[in-house]
Amino acid sequence: MSNMQAVSGTSEATDVEAYDVVVVGAGFAGMYMLHRLRRLGLSVRVYEQGGGVGGTWYWNRYPGARCDVESMQYSYSFSDELQQEWDWSERYAPQAEILKYANHVADRFNLRDDIQFNVRVEQAVFDAGTNAWQVAISGGKTTIAKYIVLATGCLSNARVPDIKGLSDFKGEVYHTGHWPHEKIDFTGKRVGVIGTGSSAIQSVPVIAAQARHLTVFQRTANFSIPARNAALTSEERAAIRTNYPEIRRVAREEARNGIYTDLPDRGALEDGDNARRAKYEERWRRGGLTFMSAYNNLVVDQAANDTAADFVRAKIAEIVKDPHTAKLLQPHNHPIGSKRICIDTDYFATFNRPNVSLVDLTSDPIEEILPHAVRTVAKEYEVDALVLATGFDAMTGSVAKIDIVGRHGQTLNRKWAEGPKTYLGLMSAGFPNLFIVTGPGSPSVLSNMIVSIEQHVDWIADCIAHMRARGFEAMEANKEAEDKWVAHVNEVAHTTLYPQANSWYMGANIPGKPQVFMPYIGGVGAYRRICDEVAAKGYEGFAMTAAEQSRAAAAS
Ligand SMILES: Cc1cc2nc3c(=O)[nH]c(=O)nc-3n(C[C@H](O)[C@H](O)[C@H](O)COP(=O)(O)OP(=O)(O)OC[C@H]3O[C@@H](n4cnc5c(N)ncnc54)[C@H](O)[C@@H]3O)c2cc1C
């Protein structure tokens, strides 16, 4: 269908492009959103600032990048044919394979025709007269759409630290979240990695194997569990495929974090010391994020949490030979799991290599970057290349970069100045027909994100279908429902240990960002039930208006 059309409700025919829906971002969220909306017969345009599909997996090409939820689960479930035919090579697929999968999905479902690459959405302005969004994209063009879906990603706005002298550094500088497409070879080089979050924990062992010397600059020690990555056999793949209906059901409906595993039946203090240690040993041997599923109270009970944290700290001390380095690598300033737990392949053992050293920035902070060195208070570390593994302005960063103007000229950035406010993480009052996939206030980053993405996309698609079938033009979260939801998200967070950590869940990694716990911690199953119930009650907490009503309101 041609999208060069007159826009209903404007005084004259204009030749701007108009679509039913504009989707921002072509990661897993944007791709599936496009697929679902197309099946409703809607015209859709996806804008993606990158040069290809895949989002996270398009940008994060750093050495060692791979998923930390097992691939047979970290994959779409919406098409049984797709999940039956795709062969994952390893328990945790590397970035290149996940990107290949994203491209396969784009081809298989013929998505590319409706995606425009290398285009940024700069601004979106709601026009109450037409109940449509005017979307300004890079290059100076404006598109009009009845609905806009922000599939902009929770971890897509790379955070470059504000360190004095960084721009004057004469060597190579890379950010893990914006890794170049060509192969970077550190052979023979002195490399500095700044940051010790998940990306550093994955890349440090790989960089150390190449570099002449690797200096890791650590501000916060993090908990990490061995991944135990391995090739998947065809028997393992077949067993999971046969059991997919149950695996996907449990992940969606029962597991708090959207990951199928044997669910714990008791708290950590209900077992004696030996039984508890045996259980942690078993989970440690098995590897992966489900270590935290050993007991059902690890993120709510400090004493229970201490038992798991002590176990991991003891493992670090066992692995790392130099006691001083081991001590620095042992996290002490947050409960285990209150920051996204990392999984690794030989991260701690890498510090036994003679070419690797650790600098503790809490006792010896970075003062400045010199043309060929990192200078801390105590010392200068000469480096040829710097890797910034400094994470993201999480959850709100990419949304905040778009100038979103809702009703009465209110901007989303102004509304969210004290922290994001949404109803169900899906919509924000005052911004009609604007949906967010895995927005703040939904389980998002606390879950297997593909489970959360599919749930949100299905909910949004069903909601738009509902509106169209009943002649509604505009939909908006009610302020009271939103306030109640924000309070609930906050209340649930504070029944756990999560808010104790200075984490990116709290916005604590971004100077000046308001510190509120952003994701919804109630669990994906409970959250799904709430969303389904809201829909079943005719989208309770949302206001829907018919065309005539909204035009009358706009005219008055
Ligand atoms: C290194 C890394 C590993 C991860 N591993 C896991 C894992 O194992 N399991 C898990 O559950 N989650 C993981 N995640 C989280 C991951 O982000 C999600 O799983 C998922 O890929 C998010 O998909 P998305 O489509 O929502 O967002 P993204 O993949 O981030 O895609 C968003 C896209 O929107 C584009 N965009 C943003 N703003 C604009 C704009 N204004 N105009 C145009 N385009 C725009 C971006 O360029 C990006 O391509 C990981 C994240 C990282 C960074």
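1. Buried here means under 20% relative accessible area, and by that cut-off both Tyr-347 and Phe-351 are buried in this predicted model. The centres of their two rings lie 5.2 Å apart with the planes at 85 degrees, so Tyr-347 and Phe-351 make an edge-to-face pair. A search over the whole structure returns 37 aromatic pairs.

2. Trp-459 and Tyr-539 also form an edge-to-face pair, because their ring centres are 5.3 Å apart and their planes stand at 75 degrees. This pair connects distant parts of the chain, since Trp-459 belongs to helix α14 while Tyr-539 sits in the loop between α16 (524-536) and β20 (542-546), 80 residues apart. Both Trp-459 and Tyr-539 are buried.

3. One aromatic cluster has among its members Phe-28, Tyr-32, Trp-57, Tyr-74 and Trp-88. As for charge against a ring, Arg-61 is placed over the face of Tyr-58, at 4.9 Å from the ring centre.

4. The ligand is surrounded by 33 residues, and Glu-48, Thr-56, Asp-68, Tyr-74 and Met-449 are the closest of them. By class, this shell holds 18 nonpolar, 11 polar and 4 charged residues. Helix α2 gives the largest share, 3 residues, and α1 (28-39), β2 (44-48), α2 (56-59) and α14 (449-469) each contribute at least two.

5. A polar backbone atom of Val-121 lies 2.9 Å from a ligand nitrogen atom. Of the 980 Å² of accessible area that the ligand has on its own, the protein covers 97%.

Notes
Residues numbered from 1 in each chain as written. Predicted model: local features only at pLDDT ≥ 70, side-chain atom pairs only at ≥ 80, totals over all residues. Heavy atoms only, no water. Near = heavy atom within 4 Å. Polar contact = N/O pair within 3.5 Å; in protein donor to acceptor, adjacent residues only side chain to side chain. Areas by Shrake-Rupley, 256 points an atom, 1.4 Å probe, with all protein chains shown as cover. Helix = DSSP H or I, 4+ residues; strand = E, 2+ residues; numbered from the N terminus. Nonpolar A, V, L, I, M, F, W, Y, C, P; charged D, E, K, R; others polar. Phe/Tyr/Trp six-rings, centres within 6.5 Å; stacked < 30°, edge-to-face > 60°. Buried < 20%, exposed > 50% of the residue type's maximum accessible area, 1.4 Å probe, protein only. Lys NZ or Arg CZ within 6 Å of the ring centre and 35° of its normal.
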